[in-house]
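Me: I would like to learn how to read a structure like this one, feature by feature. Could you take me through it?

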Amino acid sequence: MRIAITGSSGLADIIKRTLEATPHKGNTFEVTPIRVEDITSNKENCWIYNGHRPCDVLINLAHQDQAKILGITHEAWEGEKTKYIINISSRASQPNISKGYMYASEKAQLNHLANNLQYNSKKRYKMTTINLGLLNDENLPSVKHQDVAGLIYKLITSYPEYEIADVTLQAHANYQSVQSDKETLRDMERFTK
């Protein structure tokens, strides 16, 4: 199975390595990082548009232009029953959760478009939006990269007859307590500089 993933973060690398190292029912995964620009500006050679090497799954991870990438992929795959889009979003997309206003609004835009396409289009592909909580923090309860990769593996391999439209993955910890601890750590960091 061919999988394209946008982004080059540590999370993208862990997802790539996990999928490639874990075949499913004798089938292997070929995961190729692709640049956002390869989708948004080069349709002829883009994996999404079934160019020279079509893909079966797009992991829409890179923060840049995620809603635009989803729109382009939807246009290309709307009638494709065997395709799968996995959007990596954030629980910050929910109202009044994040103080990172631009980040939160961009993730909300992605989630809003995903919901509209999920329920108001004639799409045939599968789509899941994963809303991540605090990620890979050394000092606070957080979701580990490996756990995200494991969830993606499970989504791709385990539910052929179901579509999990969205899921939030976060550490089991009180949100307000974690946010308070996060602010305390930031204040300590500022004080020691």
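Reply: Helices (H or I, at least four residues) and strands (E, at least two) are DSSP runs, numbered from the N terminus. This is a predicted model, where local features need pLDDT of at least 70, side-chain atom pairs count only at pLDDT 80 or more, and totals for chains, interfaces and linings use all residues. Residues are numbered from 1 along each chain as its sequence is written, and side-chain values use heavy atoms, with hydrogens and water left out.

Me: How far apart are the end C-alpha atoms of α5?

Reply: The expected span of a helix is 1.5 Å times one less than its number of residues. For the 14 residues of α5 (residues 145-158) that gives 20 Å, and the end C-alpha atoms are 20 Å apart, which agrees.

Me: Which way do the residues of β3 point?

Reply: In a regular strand the side chains alternate between the two faces of the sheet. Here Val57 and Ile59 point one way from β3, while Leu58 and Asn60 point the other way, and all are buried.

Me: How many bridges join β3 to β4?

Reply: Two strands pair if DSSP finds at least two bridges between them. β3 and β4 run parallel and are joined by four bridges; β1 and β3 also pair in the parallel sense, over three bridges. Isoleucine 59 can be followed across: in β3 it is the bridge partner of isoleucine 5, and its own bridge partner in β4 is isoleucine 86.

Me: What lines the largest cavity?

Reply: On a 1 Å grid over the protein atoms alone, a cavity is a set of points where a 1.4 Å probe fits but cannot get out, and a pocket is an open set with protein on both sides within 12 Å along at least five of seven lines; lining residues have an atom within 4 Å of a point. Grid points are joined across faces, edges and corners, and a volume is the space filled by probe spheres set on the points. The largest cavity holds about 70 Å³ of space, and its lining is Arg91, Leu134, Pro141, Ser142, Gln170, Ala171, Ala173, Tyr175 and Val178.

Me: And what of the second largest pocket?

Reply: Its volume is about 360 Å³. Of its 18 lining residues, Met1, His24, Ile156, Thr157 and Pro160 are the closest to the centre. α5 gives the most to this lining, with four residues.

Me: Is asparagine 111 buried or exposed?

Reply: Asparagine 111 is buried, with a relative accessible area of 10%. It sits in helix α4 (residues 101-120) and touches Ser89, Ser90, Ser93, Thr129 and Asn131, not counting residues up to four places away in sequence.

How values were computed
Buried means under 20% relative accessible area, exposed over 50%, partly exposed in between (1.4 Å probe, protein chains only). Contact means heavy atoms within 4.5 Å.
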